[in-house]
Amino acid sequence: MPDVQPLVSDFVLKLKRRKVEGSHAVARQTAELLRSVVSQHRMGSSANQAAALADAVRAVGEQLIAANPIELAVGNIVRRVLHIIKEEDISATAVGIEGLSVTVDSDDEYDSEHDDRPSLSAAVLAAHARNALRAPSLQTLLEDIPVSPAISRTASSTGDSDGKSKSGDKSSTRKLKHDVIAAIGDLIDEIDSCYEPISEQAVELIHQNEVILTLGRSRTVKEFLYAAKEKKRSFRVFVAEGAPRYQGHVLAKELVEKGVQTTVITDSAVFAMISRVNMVIVGAHAVMANGGVIAPVGMNMVALAAQRHAVPFVVVAGSHKLCPLYPHNPEVLLNELKSPSDLLDFGDFSDCMHFSTQDGSPLLNVVNPTFDYVPPKLVSLFITDTGGHSPSYMYRLIAEYYSADDLVVRRKSTA
C-alpha cells in the first residue's frame, strides 16, 4: 500500500518519540490511520477478501504496537478494526445466504412456514454488526441475547450452501470495503463522544455534600466532575498532586475555574485524608480483561487506602481503554521508567555521582516508574460509556469488542 506508507511511517515516528499525548488522542489517530489503510487497500482477486484486508491491517498494526508497546490503546484499536472486518464479512455472507435461500426449491409446507418471516436486509445485518461493536448496557445485553444466535445460525449455514454463497464479484468486494470504512467511522465517533455518556452518569453517583478524592489529572474524571457541578451538585474534591509530574495541580486549577471546591494534598497524605472521603473517582491508562487497572503511579496506594477505610473506588474510562489482554500476557508492558531528572536536580546531586561500589556500579540509583497496577479486588465499580459494571463483568463486556484470535496482532504467514 504505497499511498498510505508515508502516513504509517510518520505515525510510527510520533509514537516512538511520544509525540501523541493521551490514550484518547492515540486511539483516535490510530483509528483514522487504519481507516486510511482500508481505504487505500487494493482488493485483488483473492477468494477471501476479508482475510486479505485483515492482513493489511495486521501488517500496519504490528508496526504501531512495536513503536510504543506501553500505549495499549494502539493495540486495542487495531484489534477493534480486525473485529469490524470479521463482523462485516459475516454480515455480507449472511445477506448472501439470505438471498440465495429465496431461490431454493422447497415444498409447499416449507414455503408457507417461511412466508410470514420477515427477511433481513443487508442494511439491517450490517447495522447489527456495527452496533455489536458498541458494548451495550446490562439491560441491552440481556434484551439482545436472542438476536445473536439467529445471526450465528444464518452464518453457520454457509457450509450447506458453500457453492451458492460465493459472490466474489467487484460489487460485493466494494461493499465489504465500504461497510468496513463506515464502521471505522462509527468507531471514531464513539471515541470522540466517549466523555458524554460517562459524564451523564455523574449525577447518579455523586450526591449532595459528598467529598471526592482523585489522583493526578484525568480528562474523563474532569468531565465527570464538571457534569455533576452543572447539575447543581454541591461537593468537595481532594486532589492528590500526582508527583513527580504534579498533574494534580493542573486539575485543581481547572476544577476551581468551574466553581468546584478543591483541596490539593500531597500523595503521602492520602491515608491521612481518606477517612473524610465518601468516594474515590479516578481515571485509567488501561482496563485489563481481568478487571485490573493500569493507572498512573501512586494509584495502588490510593486503592489500598480506600479498601482499608471501606471507601468506594470508582474507575471511569472510555471503551477504547478496554484491553482484551491479561496482565500476565507477554504482549503487555506494564510499566515504563521515566527520566530521573523528574525526581532529582542533578546539579544538587553531582557530588554523589562520583561514588560507586568496587565493581563500578553507582551508589545512587533513581527509579521513576510511570504506572501502577491496581488488582480488580480493589476496584468497586467501572463507569464506561456503556454504563456501570463490576470488575467481574469486564471480561464479558470486553468480549463484545474483540475476536479471540486477534489477541496477538501478527500478520498471517504467506508460506
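**Whole chain**

Start with everything shown as a cartoon. The model is predicted. The protein chain carries 16 helices and 10 strands. Colour by burial next. Buried residues are 45% of the 415 residues in the chain. Of the contacts with a separation of 6 or more, 82% link residues 24 or more positions apart.

**The sheet**

Select the strands of the open sheet. There are 7, in the order S3-S2-S1-S4-S7-S9-S10, and their pairing is mixed. From one strand to the next, the twist averages 25°.

Now walk across it.

- Select S1 (residues 210–215) and S2 (residues 235–240). These two run parallel and are joined by 6 bridges. Ile212 faces Val237 of S2 here.
- Look for Leu213 opposite Val280 in S4.
- Move on to S7. S4 pairs with S7 in the parallel sense over 3 bridges. Val282 stands opposite Val315 in S7.
- Bring in S9 (residues 381–384). S7 and S9 run parallel, joined by 3 bridges. Val315 turns up again, this time opposite Phe382 in S9.
- Finish at S10. The direction is now antiparallel, with 3 bridges between S9 and S10. Gly388 in S10 is the bridge partner of Ile383. A hairpin of 2 residues connects S9 to S10.

**Strand S4, side by side**

Centre on Val280. Leaving aside neighbours within four places in sequence, Val280 contacts Leu213, Ile274, Val302, Ala306, Val311, Pro312, Phe313 and Val314.

Select residues 299–308. This is helix H15, and it lies across S1, S4 (279–282) and S7 (313–316). Line up your view with S7: H15 runs at about 140° to that strand.

**Two nonpolar cores**

In soluble globular proteins, nonpolar side chains tend to be buried together. Here the largest nonpolar core has 38 residues. Pick out Leu213, Val280, Val293, Phe313, Val315 and Val374, the residues with the most contacts inside this core. Then trace where the core comes from. The elements giving two or more residues are S1, S2, H14 (270–273), S4, S6 (293–296), H15, S7 and H16 (394–399). H15 gives the most, with 5 residues.

Now move to a second, separate core, which has 37 residues. Val20, Ala54, Val74 and Val81 are among them.

**Helix H2**

Select residues 23–40 for helix H2. How far apart are its end C-alpha atoms? They are 26 Å apart; at 1.5 Å a residue, the 18 residues should span 26 Å, so the two values agree.

Next, colour its buried residues. The run begins with Ser23, His24, Val26, Ala27 and Thr30, and continues with Ala31, Leu33, Leu34, Val37 and Val38.

**A lysine to check**

Go to helix H12 (residues 219–230) and select Lys222. Is Lys222 buried or exposed? The cut-off for buried is under 20% relative accessible area. Lys222 has 12%, so it counts as buried. Show what surrounds it. Not counting residues up to four places away in sequence, Lys222 touches Arg217, Leu251 and Glu254.

Last, select Cys194 and Cys323. Cys194 is buried, at 2% relative accessible area. Cys323 is buried too, at 0%. How many disulfides does the whole structure hold? The search finds 0. A disulfide is a covalent bond between the sulfur atoms of two cysteines.

**Back to the start**

Keep H15 lying across S1, S4 and S7.

Conventions. Residues numbered from 1 in each chain as written. Predicted model: local features only at pLDDT ≥ 70, side-chain atom pairs only at ≥ 80, totals over all residues. Heavy atoms only, no water. Pairing = 2+ DSSP bridges. Helix = DSSP H or I, 4+ residues; strand = E, 2+ residues; numbered from the N terminus. Axes fitted to C-alpha atoms, helices over the stretch in contact; angles between N-to-C directions. Contact = heavy atoms within 4.5 Å. Buried < 20%, exposed > 50% of the residue type's maximum accessible area, 1.4 Å probe, protein only. Disulfide = S-S within 2.5 Å. Core = buried A, V, L, I, M, F, W, Y, C linked by side-chain atoms within 4.5 Å. Expected span 1.5 Å × (residues − 1).
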